[in-house]
Amino acid sequence: MGARPAWSSLRRVTHLMPSQVASTSAAPSSLPFLASSRTLTKNTTMATSISTSPGCLAARAFSTTTPVQTKTIKPHRLPSNLIPPYPYGERRIYKQSNKGLYGSARIRFGNIVAEKHKNKTRRYWRPNVHVKAFYSPALDARVKTRLTLRVLKTIRREGGIDNYLLKSKPARIKELGPGGWNLRWLLMQTQAVQRRFNEERVALGLEPREIEDRDDIIQYALDFATPGPLSVRSRATLGEMNAAMADAFVLGDDEAALADLEGIEELSDEAEELLLRELDEADRAAEAKVKTEKQGVDA
């Protein structure tokens, strides 16, 4: 057998490699360029396929239309000086229910009775309370409040939070609490609810009432219940209400008599209490004097 030719290590490796790789090994300086061109081609192909897929087009849709802005209010933040007082008063037991829709739920107390020796351990059960936000069509705002699951079930059955709040049965009014009462009053100021009440009056054979525009008051209440400063419109509404309240407490028609009241300070609560106490003491002294005189005449 003939002797094999003596190959160098570089020639032996080139002979064992495929033809494409061998051609690239013949020009080592072109390797970085080829690798970068292949990577660029692959990335371009992937980008083209992704951009032409329908799902990607839907996810990257662009629109210049601004989304509809809705406020999120909390019932316990509504201005209490603007709303009539709750007829049943604030709840003295479980005061947390004054700031939400808790219905008749309260903390219940009971005992854990041991099965063997009948030992009793005192315990309590809290209501199943959750936080939920509802959209009110009449207010065009979202109402975020705490509520129990039983109240949530009632709201679903009534067809929305507006129908739940506007029901006029005494049991429902008592179930609302101060927070629900505030929302009910705010809903009754809207024109949509006023038209709804007029339809009910016509169905009962009564004359409909005139629909009043109270959008400024509604906007002020919504801004007051929303975190942040009041808007320009709400500040103007607040100024008008303060001016109206200042004028509403001026009594009398005589301009000369009213002019004398400008420099007089308003009577404070402490001074009022002191004057009433002095008046009561004077009344008791007068009654004692009359009683003494009567006893002297009888004698």
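Is Arg214 buried, partly exposed or exposed, and at what relative accessibility? At 23% relative accessibility, Arg214 counts as partly exposed, a class lying between buried (under 20% relative accessible area) and exposed (over 50%), with a 1.4 Å probe and protein chains only. The structure is a predicted model, in which local features need pLDDT of at least 70 and side-chain atom pairs count only at pLDDT 80 or more, while totals for chains, interfaces and linings use all residues. Residues are numbered from 1 along each chain as its sequence is written, and side-chain values use heavy atoms, with hydrogens and water left out.

Side chains of opposite charge can pair when their charged atoms come close. Six salt bridges are found in the structure, each being a side-chain nitrogen of Lys or Arg within 4 Å of a carboxyl oxygen of Asp or Glu. Arg214 takes part in one of them, meeting Glu212 at 2.7 Å, N to O; Glu212 is partly exposed, at 40% relative accessible area. Another joins Arg233 to Asp216, with the closest N and O atoms 2.9 Å apart. Arg233 belongs to helix H10 (residues 232–248) and Asp216 to helix H9 (residues 215–225), so this pair ties together parts that are 17 residues apart in sequence. Helices here are DSSP runs (H or I, at least four residues), numbered from the N terminus. Both partners are partly exposed, Arg233 with a relative accessible area of 41% and Asp216 with 37%.

Within helix H8 (residues 191–203), Glu200 and Arg196 sit four residues apart, about one turn of the helix. Their side chains form a salt bridge of 4.0 Å, N to O. Glu200 is partly exposed at 42% relative accessible area, as is Arg196 at 31%. Elsewhere, a network of salt bridges links Glu158, Lys167 and Arg172.

Negative charge also gathers on the surface, in a patch made of Glu278, Asp280, Glu281, Asp283 and Glu287. Such patches take residues with over 30% relative accessible area and no salt bridge, like charges being joined within 9 Å. Asp283, in helix H12 (residues 269–298), is partly exposed with a relative accessible area of 39%.

Turning to the rings, there are five aromatic pairs, counted when ring centres of Phe, Tyr or Trp (its six-membered ring) lie within 6.5 Å; planes under 30 degrees apart count as stacked, over 60 as edge-to-face and the rest as tilted. Tyr94 and Tyr102 have ring centres 5.7 Å apart and planes at 80°, so they are edge-to-face. Both Tyr94 and Tyr102 are buried. Tyr86, Tyr88 and Trp181 make up one aromatic cluster.

Notes:
Patch = residues over 30% accessible without salt bridge, like charges linked within 9 Å, V, L, I, M, F, W, Y side chains within 5 Å. Areas by Shrake-Rupley, 256 points an atom, 1.4 Å probe, with all protein chains shown as cover. Lys, Arg positive; Asp, Glu negative; His and termini not counted. Charge placed at Lys NZ, Arg CZ, Asp CG, Glu CD. Helix = DSSP H or I, 4+ residues; strand = E, 2+ residues; numbered from the N terminus.
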